[in-house]
Amino acid sequence: MYKRWFLLKKFLQHPLQVGAIAPSGEILCRELTDWLELDKAAAAAELGPGTGVVTEAIIRRCNSKCDFFAVELDPEICRLLQENMPQVCVCNANACDLKKLCQARNIEQLDAVVSGLPWASFPASLQQAIIDAVLESLPSGGRFSTFAYLQGMVLPGGIHFRKLLKKKFSHVELSAIIWKNLPPAVVYRCIK
Ligand SMILES: C[S@@+](CC[C@H](N)C(=O)[O-])C[C@H]1O[C@@H](n2cnc3c(N)ncnc32)[C@H](O)[C@@H]1O
């Protein structure tokens, strides 16, 4: 329950950066992570872990040798996440710097990237910079999953993001609408 209030507090402080009033629900976490084949991944990253509910789903699916790290911009969120999940490496950094963070960990390529970033509230330049960093970090055939809230998909930022994914990835697939989420959401499954 504390996660819900914590995220709401963070949303009120930084609405555009946080972009969510409640943690992702169980079905959304499953839809984001099931498809990534994390059991076979040697390296994986999460962008914008927030309260860590998706992080927990990732950890459950990763094999024990997978080099996994999370990238979170807000220092207070990082601190809380690190306290709750000491086994996870949480980097207090901007998702734009994903490639540099991989290099610092001696990771040549990531097999999978999961994102909880609020794309619809980001300017086009930031969307582009982060997606470029994701593509630079993935090999051909590498997998990327993220989500959009239904209401965000009709905003200019949401429309731009959908077009950007279709332009940059070789395959983009949309899940069915996850109505049992606050707010309802869809998952984008993308292959480089
Ligand atoms: C929608 S919340 C994540 C929600 C999370 N999936 C959950 O269920 O708790 C988005 C998170 O992305 C973080 N964030 C926003 N912009 C970022 C950036 N450029 N780099 C890294 N993290 C960022 C925010 O601080 C916030 O914690």
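Predicted model: local features only at pLDDT ≥ 70, side-chain atom pairs only at ≥ 80, totals over all residues.
Local features need pLDDT of at least 70, side-chain atom pairs count only at pLDDT 80 or more, and totals for chains, interfaces and linings use all residues. Residues are numbered from 1 along each chain as its sequence is written.

Helices (H or I, at least four residues) and strands (E, at least two) are DSSP runs, numbered from the N terminus. An open sheet is formed by 7 strands, in the order 3-2-1-4-5-7-6. Its pairing is mixed. Two strands pair if DSSP finds at least two bridges between them. Strand 3 (89–92) and strand 6 (171–174) are the edge strands, and each pairs on one side only. From one strand to the next, the twist averages 20°. Strand 6 pairs with strand 7 in the antiparallel sense, over 4 bridges. Val172 stands opposite Cys190 in strand 7.

Helix 5 (residues 75–84) lies across strand 2 and strand 3. It runs at about 170° to strand 3. Axes are lines fitted to C-alpha atoms, for helices over the stretch in contact (C-beta atoms, placed from the backbone, within 7 Å). Angles run from 0 to 180 degrees between N-to-C directions.

Helix 3 (residues 26–33) has buried residues: Leu28, Cys29, Glu31, Leu32 and Thr33. A residue is buried if 20 or more other C-beta atoms lie within 10 Å of its own, with C-beta atoms placed from the backbone. The cover over these residues includes helix 4 (53–61), strand 4 (112–115), strand 5 (143–149) and strand 7 (185–191).

Helix 4 also supplies at least two residues of the shell around the ligand, as do helix 2 (15–18) and strand 2 (67–72).

Note on methods: Buried ≥ 20, exposed ≤ 12 C-beta atoms within 10 Å, placed from the backbone. Contact = placed C-beta atoms within 7 Å.
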